There are 2 protein chains.
Amino acid sequence: MSLFVPGFKGSAVESGIKHQGRLDLGLIVSDVPAVLAGVFTRNAVKAAPVLVGLDRLCKGRPYARAIIANSGNANACTGPEGVVHVHEIQGLLSRELGIDPEDIMVSSTGVIGEPLPIDRIERAIPRLVSRLSEEALDSVADAILTTDTARKTAIRHLDICGTIITIAGMAKGAGMIGPNMGPPRATILSFILSDAVVDPYWWQFIVEEAVSESFNRIIIDGDTSTNDTLLGLANGLAGNPTINEDRHGQAFRAVLEDLLQDLAHQVVRDGEGVTRCVTICIKGARNSDEADRIARTVAMSPLVKTAFFGGDPNWGRILAAAGRAGLSIDQGLIDLYFNGVKLVRGGICEGKDAEEKAREVMAAEEFSITLDLGLGKGEAQVLTSDLSVDYVRINADYRS
Amino acid sequence: MSLFVPGFKGSAVESGIKHQGRLDLGLIVSDVPAVLAGVFTRNAVKAAPVLVGLDRLCKGRPYARAIIANSGNANACTGPEGVVHVHEIQGLLSRELGIDPEDIMVSSTGVIGEPLPIDRIERAIPRLVSRLSEEALDSVADAILTTDTARKTAIRHLDICGTIITIAGMAKGAGMIGPNMGPPRATILSFILSDAVVDPYWWQFIVEEAVSESFNRIIIDGDTSTNDTLLGLANGLAGNPTINEDRHGQAFRAVLEDLLQDLAHQVVRDGEGVTRCVTICIKGARNSDEADRIARTVAMSPLVKTAFFGGDPNWGRILAAAGRAGLSIDQGLIDLYFNGVKLVRGGICEGKDAEEKAREVMAAEEFSITLDLGLGKGEAQVLTSDLSVDYVRINADYRS
């Protein structure tokens, strides 16, 4: 299904930032000023476009017209020159588009620490602008990919008092995907576009909430990036009654979360070297914070992840990972399930038959493990992947 | 150099716990009661021998006569039956040796969650006891190995007022090696033997201190085990004046730390799939706790570790990992060195020449990276490894 959102045009070109023969520069423009929401990485080391973007959001003028994004170079750890480059891109694009440079959001993804090849980007901008089209949003989704193997897009529609509004999104992921300290945490690069009329302050709130229930619940390697950015633009062209917390907010939120979860799931499925996609459910924790901490510890354990890769229902490693989350748990109360198969009861294996059934569950590309701690009602869930030989190969060779 | 400590005998046999044709059961016996120190895993999920060992230490009678240890089976997540098996081993061995069962420490390492093959162990015990010899401590070091490829032993001597005392140790490591929450934290299996006369309460204290400066500063995969155990026995046969904090404590401590660091280093060098051994030094942090947290975050980053494996001086990943430790740092103040090569100054790369020199540094099997945060005087250091294709292969196949 191709992305189409009323009032938004897209464009993508090959600017030759890193590799020849692939789209690496994308542009999204709204016909009218759109309400802006942004969620950025909480890594203390932030890429230049993230610093500029955060600065822009802090100015309290929540409108923007355009997003320009490149792959192949993260413009991170590039010092003051990196920030200058962001402003140069904004300046040139503002002249080409005839809009305020402050209304242009810039995103980058790719290698850290190399100067952005600003000449190539500047040479490409006129071509980029000339190709803007309502049908070309998909090509932007292609241009932001790095080690991803597939385009990641999703689209939903919602009826608000007889007006059909559109919410669409694109994302890139693949590596450097992990939790950060304390929500809101952004991961990956993702752009959400809607023609809905939304309350500007509610828009930022609801986007943060949706991120915390989607992108912040996926873990590939735990390495939170310097560049993680999610931007949401709502241009209001649908003309619906303004959506806010009290009016249609619940319905909109459900659709937005579903959209972001869809994108987040696509990111895990296409993670670097990923062969299996595993939902880690923790139940019976003392509270949801403790459940969350245990879920993330299990999801980041190299020994658990390599066992996923090997298709080995190595439940001992799962219990050991839960045990090292730094919380008090009682191993004698733990039950563990692979999908519906109960493999551990009260901390002890149910036997070879259960193990064989769990092994069959793991043959699938997607499955869930549920750890019931038997201590309370706290629950949490994260989506993770295995750790494969290819993950190591890809990342050992990434820059060469 | 072979292990010899006056008054200690060792023995090892093939009991057939897991594989045929390899030593898997070892015994150490002191001719006289020895002062006992123990440091155990802080994982909430503890193996049966760890539960029994902790219980023994809490009884406040810090003497023991023997350590029996098996590889091939961890006796972890084995429920109450696992604890019964530990007591059965103590009982049988106490009759064979003619000593109190409480004076026998039991350790296990290997696969989690399978019942200990107690029959095989019990059948092997008479043979084990009959072979006890002062020359056979090395064979115990062989019997505790799992995926290790080499025996790990070290020995030191110290002159205390004209009396030469011996401190020796053995260790096994390989996988499931990581930090725990809050010192003291034990990692791996290690037995320290000395003929020194030591103050019993000081002995436990000094062993904990030495562990915190050695085994607790190595990280392979961050997966703290259910079985980590370090036991120290000092039998006093050297007849030196009693060592305590005020009398020769400093000198003894330095030698013990050196010994444990030697063993810890051997563990990292022989870690699963390890091709490179990297010292991570953090300087210029606000305090040593913050330095420690950043050092561990860098050491556990899969992206940093795969770059080590690839021999790629990917300094951006190192800065990004430091940035996600959850602490406030200023990327514009960061300097980074590979051995003596300054690769990053004020958050920016020093250029292609420096990068080439850093790449040459990484060609060695051992090197250090030093991250100076420029914020204060806090320092910390950990020893880590790369993350290789073989690490994944070994752990995907471990049980099969």
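In chain A, 12 residues of domain 1 are in contact with 11 residues of domain 2. Contact here requires C-beta atoms, placed from the backbone, to lie within 7 Å. This is a predicted model, in which local features need pLDDT of at least 70, side-chain atom pairs count only at pLDDT 80 or more, and totals for chains, interfaces and linings use all residues. Residues are numbered from 1 along each chain as its sequence is written, while chains are lettered from A and ligands numbered from 1 in the order in which they are written.

**Domains of chain A.** On the domain 1 side of this contact, β8 (218-219) and α6 (249-269) of chain A are the elements that give two or more residues. Helices (H or I, at least four residues) and strands (E, at least two) are DSSP runs, numbered from the N terminus. α6(A) gives the most to that side, with 4 residues. By class, the domain 1 side holds 6 nonpolar, 4 polar and 2 charged residues. Ala, Val, Leu, Ile, Met, Phe, Trp, Tyr, Cys and Pro count as nonpolar; Asp, Glu, Lys and Arg count as charged; the others, Gly among them, are polar. Domain 1 of chain A spans 8-269, and domain 2 spans 277-397. These bounds come from an automatic or database domain assignment. The C-alpha centres of the two domains lie 33 Å apart.

**Two helix pairs.** The table sets out one pair from each chain. Axes are lines fitted to C-alpha atoms, for helices over the stretch in contact, and angles run from 0 to 180 degrees between N-to-C directions.

| Helix pair | Angle | Axis separation |
|---|---|---|
| α8(A) (302-310) and α9(A) (315-323) | about 155° | 9 Å |
| α2(B) (79-97) and α3(B) (118-130) | about 20° | 10 Å |

α2(B) is therefore roughly parallel to α3(B). Angles under 35 degrees count as roughly parallel, over 145 as roughly antiparallel, 65 to 115 as roughly perpendicular and the rest as oblique. The crossing of α2(B) and α3(B) is right-handed. A crossing is right-handed if the near helix is turned clockwise from the far one by less than a right angle, and left-handed if anticlockwise. From α2(B), the contact residues include B:I89, B:L92 and B:L93; from α3(B), they include B:I121, B:I125 and B:V129. This contact has 9 nonpolar, 1 polar and 3 charged residues.

α8(A) and α9(A) are roughly antiparallel, therefore, to each other. Their crossing is left-handed. A:L303, A:V304 and A:A307 of α8(A) meet A:R317, A:I318 and A:A321 of α9(A). That contact counts 5 nonpolar, no polar and 1 charged residues.

**Between the chains.** Chain B and chain A each put 55 residues into their contact. On the chain B side, the elements giving two or more residues are α8 (302-310), α9 (315-323), β13 (348-349) and α11 (389-396). α9(B) supplies the largest share, 8 residues. This side of chain B comprises 24 nonpolar, 23 polar and 8 charged residues.

The same surface serves both copies, as 100% of the contact residues of chain B recur in chain A.

Technical notes. Two residues are in contact if their C-beta atoms, placed from the backbone, lie within 7 Å.
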